[in-house]
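Reader: Could we go through the pockets and the ligand site together?

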Amino acid sequence: MGETEAVARAPSSARDEPLPGGPWLIRDALASGATALGAAGCDTPRLDAELLLGEALGVSRKTLVLDAATTLDADGAARFRVLLGRRAAREPVASVLGRKGFRHITLAVDRRVLIPRPETELLVEVGLGLPTGARVVDVGTGSGAIALALKQERPDLIITGTDCSAGALAVARANALSLDLEVRFVKADLLDGGEYQSVLANLPYVANGERLHLAPEISRYEPSCALFGGLDGLDLVRRLLASDLGGALLVALEVGFDQAGPVSELLGERGFATLERWRDLAGHERVLVGRR
Ligand SMILES: C[S@@+](CC[C@H](N)C(=O)[O-])C[C@H]1O[C@@H](n2cnc3c(N)ncnc32)[C@H](O)[C@@H]1O
C-alpha cells in the first residue's frame, strides 16, 4: 500500500468507508479525518481532526487554515493516521495529545489521571479568595490540576495535594517540576494529617450504577478510582467530611449535577453552616463552599 493510500484509509469503525486518494491536501485530510471520527461517534469530529492534524504536523489550527491547499508530507500524514486511529477508538483528545489546558497552565495527562474538566476551574476560583499565606490541601489531586493552577495564580499560598494513586502522584509531581511550581504532593487516603485552613476537593462522585451510561472516552480510558464513589457516588465525600479536618475554616467540594442537596446537608451537619453554591456553565450547582 502506498503512503498516501495508507493515510487515506480511515481507522476502526470507519475503515470500510471510501476516502479520497492522494496526494492529500491538508483540507482533504481534515475532511476525511472528520468523516472518520464522526463515523466513530466522536462529538466534535472536525475540531478533533484539526487538533490531531495540527499535532501531527507541529503547527497551529490557524496554520492549517492558511495552508489548506498544501500537500501533506509522508511523515506528517503517517503521524496523523496514528493519532486519528487512537481518537477513532474513542481515546479522549487530551489523552491522545498528552496534555490539557486548565486555567493558565497546561498539564501533562495520561491514563493514570482524570483529565481536568472546565467546571473544576471553579474550585481554583474559590482558592483565589483565600487569605494571604493560607495553608491549603487539594484532596484527590490527580494530575495536580487544582493545586498547580492555584499556586500559579496565588504563589503566596502553601499548597499540598494528596492522592491514593501512586500513578497520579507521579503525573502531578512531573507537572509541578515542568511548570516550576512549588506544591507538595503526598500519598494519602484523603487527608495526610497536616493542618490546613482550607480543604478543596474534587473527589470521585459518579454513582457505581452510572458505569454503563458513561461515554467510551470516560469508561475505557479514565481510571475507575478517579470516577466512582459507591452506590450514590458520595462515599468519598462522606468519608472526608467525617474525618479529622483539624482547624479547617473552609471546605469546597465539586459535586455531581444532582448532589448539591445531600452534600450541603453533610456540610451543615459537620458545622460548615455558611454555604455558597457555585454554578457551572450549564447552570448546575457544581461547587459547594462551606465555612465555619
Ligand atoms: C475526580 S478525580 C479528580 C482529579 C483532580 N483533582 C481534578 O480535578 O482533575 C479524583 C481523584 O481522587 C483520587 N482518590 C480517590 N480516592 C481517594 C482517596 N481515598 N484518597 C485520596 N485520593 C483519592 C483519585 O485517584 C483521583 O486522582
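Author: In this predicted model, 46 residues line the largest pocket, and Leu203, Pro204, Tyr205, Ala226 and Leu227 lie nearest its centre. A pocket is an open set of points on a 1 Å grid over the protein atoms alone, where a 1.4 Å probe fits, with protein on both sides within 12 Å along at least five of seven lines; lining residues have an atom within 4 Å of a point.

Reader: Which elements give two or more residues to that lining?

Author: They are helix 8 (145-153), strand 4 (158-163) and helix 11 (235-242). Helices (H or I, at least four residues) and strands (E, at least two) are DSSP runs, numbered from the N terminus.

Reader: What are the conventions here?

Author: Residues are numbered from 1 along each chain as its sequence is written. Local features need pLDDT of at least 70 and side-chain atom pairs pLDDT 80 or more, while totals for chains, interfaces and linings use all residues, and side-chain values use heavy atoms, without hydrogens and water.

Reader: What lies 2.8 Å from a ligand nitrogen atom?

Author: That is a side-chain N or O atom of Asp189. A backbone N or O atom of Thr141 lies 3.4 Å from a nitrogen atom of the ligand.

Definitions and conventions: A polar contact is a pair of N or O atoms within 3.5 Å; within protein, one must be able to donate a hydrogen and the other to accept it, and residues adjacent in sequence count only if both atoms are side-chain atoms.
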